[in-house]
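Dear colleague,

Please find the structure we discussed below. My findings follow it, and I would be grateful for your comments.

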Amino acid sequence: ILSQADMHALYGGVVPEIASRRHSEAIVGVVKEALEQGGKTLSQIDGIAVTYAPGLIGALLVGVNFAKGLSLSTGLPLVPVHHLRGHIASNYLSNPDLEPPFLCLVVSGGHSHIVQVEDYTKLTILGRTRDDAAGEAFDKVAKMLGLGYPGGPMIEKMAEIGDENRFVLPHPLKNSNDCNLSFSGLKTAVRKIIESYDESGNIEHVILSKKDTADICACFQKTAAECLTEKLAKAADIFRQKYPAGKHLVAAGGVAANGYLRRRLEKLAEEKGLLFAAPPLKWCTDNGAMIAWAGLERFAKGLSDGLDFKPRPRWPLDETAPKAAGAGGVKA
């Protein structure tokens with residue numbers, strides 16, 4: 001990992017141009033350091049895994065083109081990996097007893113999915129966000145409150161001293177029969193509370209006390225966790241019907257580092273007769289190890305690709321890598 005968080009913090013969020021430029025500057029050094037720390041040379045590597053989607057297209061282009069060049073020069077097979085599959089695979093790094101089938105909540109800055117992991121490379125999506133992702137909501141609420149970036153850790157820290165029952169916030173899609181999620185309405189409700197502190201209703205003019213800020217953080221965090229666990233509870237029932245012997249409820253993604261959410265998920269798992277698992281905090285956020293592991297799963301099944309696949313800013317989690325001329329599957 002070579003973090004860029006300090007640079008993006010200056011702007012309150014990720015700036016695509018800065019992200020892709022820093023990727024270009026850092027990728028050679030990061031690959032060299034990974035090989036050195038692993039005690040390997042390129043001649044001892046069996047394949048190259050690379051994230052092709054989803055994400056900021058500039059950053060993806062840097063990684064994919066570098067990986068293609070490395071594959072072309074070494075003759076090593078290339079294994080394109082979906083970013084969210086990498087997050088799911090991060091659990092295998094620290095939970096050696098974990099094996100499919102299991103139920104996984106993937107919550108990050110750009111994505112919120114409830115996934116039934118049926119095999120190491122076969123997934124079924126039971127639910128997803130219809131609008132904003134949970135992590136995006138955390139970041140936007142933190143920005144409204146002037147807490148800085150990334151927002152998740154800031155909100156969690158402030159929530160520790162806040163009253164989580166002071167404000168009543170909505171639970172979007174709570175009564176829907178599906179497992180889909182929504183965070184746009186929750187984010188808007190928080191904005192309205194903040195705006196209510198100024199007569200003009202202008203959020204730019206609001207100056208909150210530490211207590212008010214902490215209370216808003218606590219209420220938002222509690223409600224976001226409830227929204228996730230409510231839909232995950234429905235998904236757990238679906239999962240147990242299909243896989244009565246399934247043992248695990250798993251969390252992945254940057255938001256899975258939130259301690260409050262982890263405790264709620266652990267409680268839910270116990271209620272549903274499942275074991276809870278999540279990666280250590282260092283593997284919740286984006287990292288190379290999780291992509292390598294997800295690539296290894298595909299490589300072990302003989303799944304690699306040529307040089308004609310394209311990086312995509314958006315691509316379904318349950319689809320294979322896109323070809324240059326359109327959608328297509330990987331080849332053995």
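Two rings of Phe, Tyr or Trp are counted as a pair if their centres lie within 6.5 Å, the six-membered ring being used for Trp. On that basis, ring pairs join Tyr92, Phe102, Tyr120 and Trp293 into a cluster. Please note that the model is a predicted one.

Aromatic pairs

Five aromatic pairs were found in a search of the whole structure. In one of them, the ring centres of Tyr92 and Tyr120 are 5.2 Å apart and the planes stand at 50 degrees, so this pair is tilted. It connects distant parts of the chain, 28 residues apart: Tyr92 belongs to helix H4 (residues 83–94), while Tyr120 is in the loop between strand E4 (112–117) and strand E5 (123–128). Tyr92 has a relative accessible area of 7% and is therefore buried, as the limit for that term is under 20%. Tyr120, at 34% relative accessibility, is partly exposed.

Tyr92 also pairs with Trp293; here the rings are stacked, with 6.5 Å from centre to centre and 25 degrees between the planes. This pair again links distant parts of the chain, since Trp293 lies in helix H10 (residues 288–300), 201 residues from Tyr92 in helix H4. Trp293 is partly exposed, with a relative accessible area of 31%.

The largest cavity

The structure contains three cavities of 30 Å³ or more. The volume of the largest is about 90 Å³. Its lining includes Tyr92 and Tyr120, and among the other lining residues are Arg85, Asp119, Glu297 and Arg298. Helices H4 and H10 are the elements that contribute two or more residues to this lining. H4 contributes the most, with four residues.

Charges over rings

Two lysines are placed over aromatic rings. The charged end of Lys68 sits over the ring of Phe309, 4.8 Å from the ring centre. Lys282 lies over the face of Trp283, and the distance to the ring centre is 4.6 Å.

Helix H8

Helix H8 (residues 210–242) consists of 33 residues and spans 48 Å from its first C-alpha to its last, close to the 48 Å expected at 1.5 Å a residue. Of its 33 residues, 24 are buried, so H8 is largely enclosed by the rest of the structure.

Yours sincerely

Terms used
Residues numbered from 1 in each chain as written. Predicted model: local features only at pLDDT ≥ 70, side-chain atom pairs only at ≥ 80, totals over all residues. Heavy atoms only, no water. Phe/Tyr/Trp six-rings, centres within 6.5 Å; stacked < 30°, edge-to-face > 60°. Buried < 20%, exposed > 50% of the residue type's maximum accessible area, 1.4 Å probe, protein only. Lys NZ or Arg CZ within 6 Å of the ring centre and 35° of its normal. Expected span 1.5 Å × (residues − 1). 1 Å grid on protein atoms, 1.4 Å probe; cavity = no way out; pocket = protein on both sides within 12 Å on 5 of 7 lines; lining within 4 Å. Points joined across faces, edges and corners; volume = space filled by probe spheres on them.
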